[in-house]
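Subject: Structure handover

Hello,

Here is the structure I promised to pass on. My notes follow below it.

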Number of protein chains: 2
Amino acid sequence: MLSAQLSKFGRPEDAIELVELPDPGEPGPGEVVVDSELFPINPADILNLEGNYGAVPPGLPMIPGAEGVGHVAKLGAGVTHVKAGDRVLLPGPGTWRERIKAPAGSVFALPGRVDPRQLAMLRVNPPTADLMLHDFVAAHAGNWVIQNAANSGVGHCLIRLARQAGMKSVNVVRREELLAPLRAFGADVVLLDGPELDVRVRATIGDGVLPLAIDAVGGSATLRLARCLSDGGTVVNYGLLSGEPCMIDARETVFRNVSLRGFWLRRWFMETPREQIATRYRELLSKVADGTLSVEVEAVYPVRRIKEAVAHAARPGRSGKILVSFTPA
Amino acid sequence: MLSAQLSKFGRPEDAIELVELPDPGEPGPGEVVVDSELFPINPADILNLEGNYGAVPPGLPMIPGAEGVGHVAKLGAGVTHVKAGDRVLLPGPGTWRERIKAPAGSVFALPGRVDPRQLAMLRVNPPTADLMLHDFVAAHAGNWVIQNAANSGVGHCLIRLARQAGMKSVNVVRREELLAPLRAFGADVVLLDGPELDVRVRATIGDGVLPLAIDAVGGSATLRLARCLSDGGTVVNYGLLSGEPCMIDARETVFRNVSLRGFWLRRWFMETPREQIATRYRELLSKVADGTLSVEVEAVYPVRRIKEAVAHAARPGRSGKILVSFTPA
């Protein structure tokens with residue numbers, strides 16, 4: 001079977017290879033074999049290929065990938081909660097491969113009529129946005145939240161989740177052509193990043209309460225978000241897009257009681273009881289199914305062109321996610 | 001009466017003036033008049049003279065000063081809990097003046113045999129160190145705490161308070177000649193700031209638990225402290241010595257769950273019930289009285305030379321606090 005493989009960190013398109021690996025074989029009792037259909041390339045995957053992901057680099061070689069969607073191909077003895085042909089989330093990590101054998105408890109049948117591209121992106125971006133929106137600062141209706149990289153997958157999820165929670169979002173982007181599409185998508189306010197962001201935000205939201213800033217960028221972008229916050233507000237940093245350390249003026253921390261915290265989805269997986277995780281995903285799945293959560297897709301590449309796909313995903317200036325497909329176009 | 005006055009922000013020695021102000025006159029019922037004896041010049045005072053203190057600059061002209069010590073000179077009708085001649089903390093803010101009239105409830109008699117220079121420094125540095133040590137991270141005996149600017153007044157207090165709580169301190173300084181004196185003072189570990197601070201800290205403390213970093217400096221110094229922390233640790237920033245924004249690598253925030261928070265003593269005063277504040281000061285006063293808390297003094301200037309005093313206090317490379325005295329030398 002085909003599999004993507006990371007043997008040496010480097011430029012994403014150099015680091016990723018397509019290799020032929022042994023088929024996982026027949027499922028044992030209580031196992032399933034899943035045929036992969038689609039997976040997205042997330043910013044975390046790019047960092048991983050570059051050797052910049054996690055506190056400690058993973059051992060190599062490894063098969064990348066945290067999510068994706070596929071179909072149950074084979075059932076081991078005693079597996080009754082799914083049947084052959086059911087669409088399921090790919091058991092991960094290591095989803096960038098054609099076929100995966102896993103404990104049956106790690107899959108569940110997805111509804112048939114939901115766009116598989118959106119399902120392929122369910123596991124990472126929606127809970128990231130949802131947890132950052134709710135778990136650091138109480139999400140009171142009427143409050144504002146500000147985020148940068150607002151055009152990202154997480155950004156799109158956050159806009160819709162904030163709206164559903166009765167909150168309003170200030171969305172910061174770096175390209176003028178994103179202003180109108182994000183407004184059309186449901187963003188309450190969209191502003192270009194740059195000097196005096198805080199002045200422009202306050203001119204727009206007046207004395208609105210803005211206790212939460214979501215930062216995917218780092219560097220001076222963190223500092224600009226922090227200035228926009230109400231006193232006592234929290235910046236939640238979850239991304240390393242600039243490659244620069246997060247900056248916060250000591251005036252914000254000391255005199256305005258602004259805090260900086262970090263979010264990593266993997267920590268949530270490790271620290272949260274299984275049933276709580278399942279509940280959260282059921283809620284998020286229903287929001288994908290009813291169209292509340294929807295992430296733009298810029299291109300779908302066949303797996304044979306995975307080097308092009310990761311190069312595309314690593315380029316700035318995209319307007320949607322890059323997906324990779326195992327099914328012939 | 002003589003008073004220091006700030007009429008225009010600028011270089012500290014230019015910004016401060018000595019002026020003649022009207023005497024506050026006789027105390028009304030329930031008031032006292034206090035004659036000032038000594039006050040320290042804190043880093044916050046220097047920031048204030050420069051116009052860099054607080055979220056919003058104060059209205060000018062103003063009389064600076066947050067603390068000091070003096071004697072009760074006159075009692076208004078009905079005041080019985082202090083008597084003329086009692087040494088008291090100066091009622092503040094605005095302590096840099098020769099004589100102060102204030103509600104009697106704002107003063108209490110200090111023990112007679114305690115060094116007045118240490119009492120003059122009771123209000124700001126000791127609670128700053130104490131609150132940062134205890135109120136952000138549970139202070140478990142055996143744990144480590146790391147701080148920079150360890151030779152400051154707060155730094156000295158933190159070393160002794162940590163030791164008394166059964167914790168051990170890593171103390172980061174920028175000058176080699178401070179290593180031995182700080183060790184003699186009770187610092188468990190003293191290291192020079194610079195490259196690979198985290199490697200040197202770990203080489204010294206092994207797998208010791210280090211959940212708390214105290215940062216007075218900002219800039220890349222914050223980043224270096226953050227790297228030393230155990231996973232999930234907290235940096236508490238309380239100072240702006242570098243004038244640079246605090247930096248924290250997104251790897252610390254995202255992958256290691258390191259947080260950055262701010263501390264401002266004034267916020268504690270504003271948010272804490274009066275009786276709780278009084279209790280904390282009684283405890284800290286007993287630690288000053290028994291010698292646990294003791295801050296080095298580099299020089300005492302007569303008030304007539306206050307411009308020299310603030311210039312001295314603003315210079316880097318001091319080895320103790322600068323005090324100003326109203327009593328003839």
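In which sense do strand β12 (residues 246-248) of chain A and β12(B) pair, and over how many bridges? They pair in the antiparallel sense, over three bridges. Strands pair if DSSP finds at least two bridges between them. One bridge joins A:Met247 to B:Met247 in β12(B). Strands are DSSP runs of E, at least two residues, and helices are runs of H or I, at least four residues, both numbered from the N terminus.

Some ground rules. This is a predicted model, where local features need pLDDT of at least 70, side-chain atom pairs count only at pLDDT 80 or more, and totals for chains, interfaces and linings use all residues. Residues are numbered from 1 along each chain as its sequence is written, chains are lettered from A and ligands numbered from 1 in the order in which they are written, and side-chain values use heavy atoms, with hydrogens and water left out.

**The interface**

Chain A brings 29 residues to the contact, and chain B brings 29 residues. Contact means heavy atoms within 4.5 Å. The two chains bury about 2,600 Å² between them, 62% of it on carbon and sulfur atoms. That is the accessible area (1.4 Å probe) lost on being put together, summed over both parts. B:Val254, B:Phe255 and B:Leu260 supply 25% of the area that chain B buries against chain A, more than any other three residues.

Nine residue pairs are in polar contact between the chains (both at pLDDT 80 or more). A polar contact is a pair of N or O atoms within 3.5 Å; within protein, one must be able to donate a hydrogen and the other to accept it, and residues adjacent in sequence count only if both atoms are side-chain atoms. On the side of chain B that touches chain A, α9(B) gives the most, with six residues.

**Two buried residues**

B:Asp86 is in the loop between β4 (69-75) and β5 (87-89) of chain B. B:Asp86 counts as buried because its relative accessibility is 11%. Buried means under 20% relative accessible area, exposed over 50%, partly exposed in between (1.4 Å probe, protein chains only). A polar atom of the B:Asp86 side chain lies 2.9 Å from the backbone nitrogen of B:Lys83.

A:Leu2 is in strand β1 (residues 2-6) of chain A. A:Leu2 is also buried, at 12% relative accessibility. A:Leu2 and A:Leu18 are 16 residues apart in sequence but 6.8 Å apart in space, C-alpha to C-alpha.

Best wishes
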